[in-house]
Amino acid sequence: PGKFACFTKTGSHFLYVGLEEVIYGESTSYNTVRSFKPKGGCSYAIFDKFETKICITNYESIQIYDLTGNLLCRTENPGKSQSLLWCVNNTLWAACWLGTLQVYDWSEQNSLLLSKTLPEVHTNFLTLRMSYDERVVLTGGEEGLIKMWDSRSVEVLFTFRGHEGYVNDIRFTVDPNLFVSSGDDSTIRVWRWQISQNEEHAKIVADIDEDIKHVEISPSGDKISIFGADTTAIEGICLSSRTAFPSIPIYSDQPTGSILMTQFSSDGSYIFALNEHGSVFKGHLASQKIEREFTSSDAGAVNFIWASPFSEKLIFGYPSGDLQI
């Protein structure tokens, strides 16, 4: 069963992460290039900055492979890292259990050296993101705080306060000084920051009467989709006008159910929504209509979707481990 996926910057290859296996795939031929089955299963996997290596973590170890499948390095994982971020200066950031942040240095001798351990950064990590210009890293936790870090010095620049309860998701926009967060307090917040003036700015742009679990930003950075525990329609916000765009109601012969994931098409004109019953809906923003419904196939109900930001490709994942592109 799939947990998440990520594409290379060009969209030519992708990683698909399951409970026990990581698939390195080729996007145009739809072929599996390599399969990795690390001991202890899979918690998270990413490409390195130059997309020549694959880094996989679980509660036992952090493992780095080259693209041909050779194991370059295996390091014990005392912090039980839950997610990873390959940062500047060949450093690997690991968000660990109980809110600990660990930073590793990658050497030319194919080894990971633990350089910093920062305990209790959060009560528990929920998200870890780097800005597009790679200057800063954002972390969010269960206590409602968002911390901004200098990606080179690993020092906290700002602490953003505003959410009450869990910070469920953080997304950078194409504007390097603007990011979006969502939380269990039923708010979407757009934050503007400036290092030079050492100021924090926050503006609430939506107040949704439900627990908002995630936000998804369109490839152009001008729209976000939102969904939570009780969301049954496609909803979102236009960042330029700071207003919600009209919701797209989902009508189906099948049970509708809550939306679990959304993805934008590469041009931002469509949103794909996956509901709890495994159906996927293609919503057109301009007409506010559902144009297509993908229902369960022979492989079962869909439990994961991922849209390439570079081309009109959509990955479906199934509990059986099968993929459809």
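Me: How many salt bridges does the structure hold?

Reply: The structure, which is a predicted model, holds six salt bridges.

Me: Which side chain meets Lys-53 in a salt bridge?

Reply: The partner of Lys-53 is Asp-48, with an N to O distance of 3.3 Å.

Me: Is Lys-53 buried or exposed? And what about Asp-48?

Reply: Lys-53 is buried, at a relative accessible area of 14%. Asp-48 is buried as well, at 4%. The cut-off for buried is under 20% relative accessible area, so both values qualify.

Me: What does Asp-169 pair with?

Reply: Asp-169 forms a salt bridge with Arg-129, and their closest N and O atoms are 3.0 Å apart. The pair links distant parts of the chain, since Asp-169 belongs to strand S17 (residues 167-172) and Arg-129 to strand S13 (residues 125-130), 40 residues apart.

Me: How accessible are Asp-169 and Arg-129?

Reply: Asp-169 counts as buried, with a relative accessibility of 2%. Arg-129 is partly exposed, at 25%. Arg-171 is buried, as is Asp-169.

Me: Why can such side chains pair at all?

Reply: Side chains of opposite charge can do so when their charged atoms come close.

Me: Changing topic: what is the secondary structure of the chain?

Reply: The chain has 31 strands and zero helices.

Me: How are strands S5, S6, S7 and S8 arranged?

Reply: They form an open sheet of four strands in the order S5-S6-S7-S8, paired antiparallel. Strand S5 (44-47) and strand S8 (71-76) stand at the edges; each has a single partner strand, so one side of each is left without a neighbour in the sheet. From one strand to the next, the twist averages 15°.

Me: How many bridges join S7 to S8?

Reply: Five bridges join strand S7 (residues 61-66) to S8, and the two run antiparallel.

Me: What holds paired strands together in general?

Reply: Strands of a sheet pair through backbone hydrogen bonds, in either a parallel or an antiparallel manner.

Me: On to the surface: which residues form a nonpolar patch?

Reply: Tyr-59, Trp-97 and Leu-98 form one, with about 350 Å² of accessible area together. Trp-97 lies in the loop between strand S10 (91-96) and strand S11 (101-106). Trp-97 is partly exposed, with a relative accessible area of 44%.

Me: And for the chain as a whole, what does the accessible surface come to?

Reply: The total is about 14,400 Å², and carbon and sulfur atoms account for 48% of this surface. Of the 325 residues in the chain, 52% are buried.

Me: Now the end of the numbering: where is Pro-309?

Reply: Pro-309 is in the loop between strand S29 (304-307) and strand S30 (314-317). Pro-309 is partly exposed, at a relative accessible area of 36%.

Me: What is Pro-309 in contact with, leaving aside its neighbours within four places in sequence?

Reply: Pro-309 is then in contact with Pro-219 and Ser-266. Pro-309 and Lys-9 are 300 residues apart in sequence, yet their C-alpha atoms are 9.1 Å apart in space.

Me: Which sheet do S29 and S30 belong to?

Reply: They belong to an open sheet of three strands with the order S29-S30-S31 and antiparallel pairing. S29 and strand S31 (323-324) are the edge strands, each with a single partner, so one side of each has no neighbour in the sheet. Two bridges join S30 to S31, and the bridge partner of Gly-317 in S31 is Leu-323.

Notes: Residues are numbered from 1 along each chain as its sequence is written. This is a predicted model: local features need pLDDT of at least 70, side-chain atom pairs count only at pLDDT 80 or more; totals for chains, interfaces and linings use all residues. Side-chain values use heavy atoms; hydrogens and water are left out. Buried means under 20% relative accessible area, exposed over 50%, partly exposed in between (1.4 Å probe, protein chains only). Contact means heavy atoms within 4.5 Å. Accessible areas come from the Shrake-Rupley method with a 1.4 Å probe; for residues, only the protein chains shown count as cover. Patches are made of residues with over 30% relative accessible area and no salt bridge: like charges are joined within 9 Å, nonpolar side chains (Val, Leu, Ile, Met, Phe, Trp, Tyr) within 5 Å. A salt bridge is a side-chain nitrogen of Lys or Arg within 4 Å of a carboxyl oxygen of Asp or Glu. Two strands pair if DSSP finds at least two bridges between them. Axes are lines fitted to C-alpha atoms, for helices over the stretch in contact, and angles run from 0 to 180 degrees between N-to-C directions.
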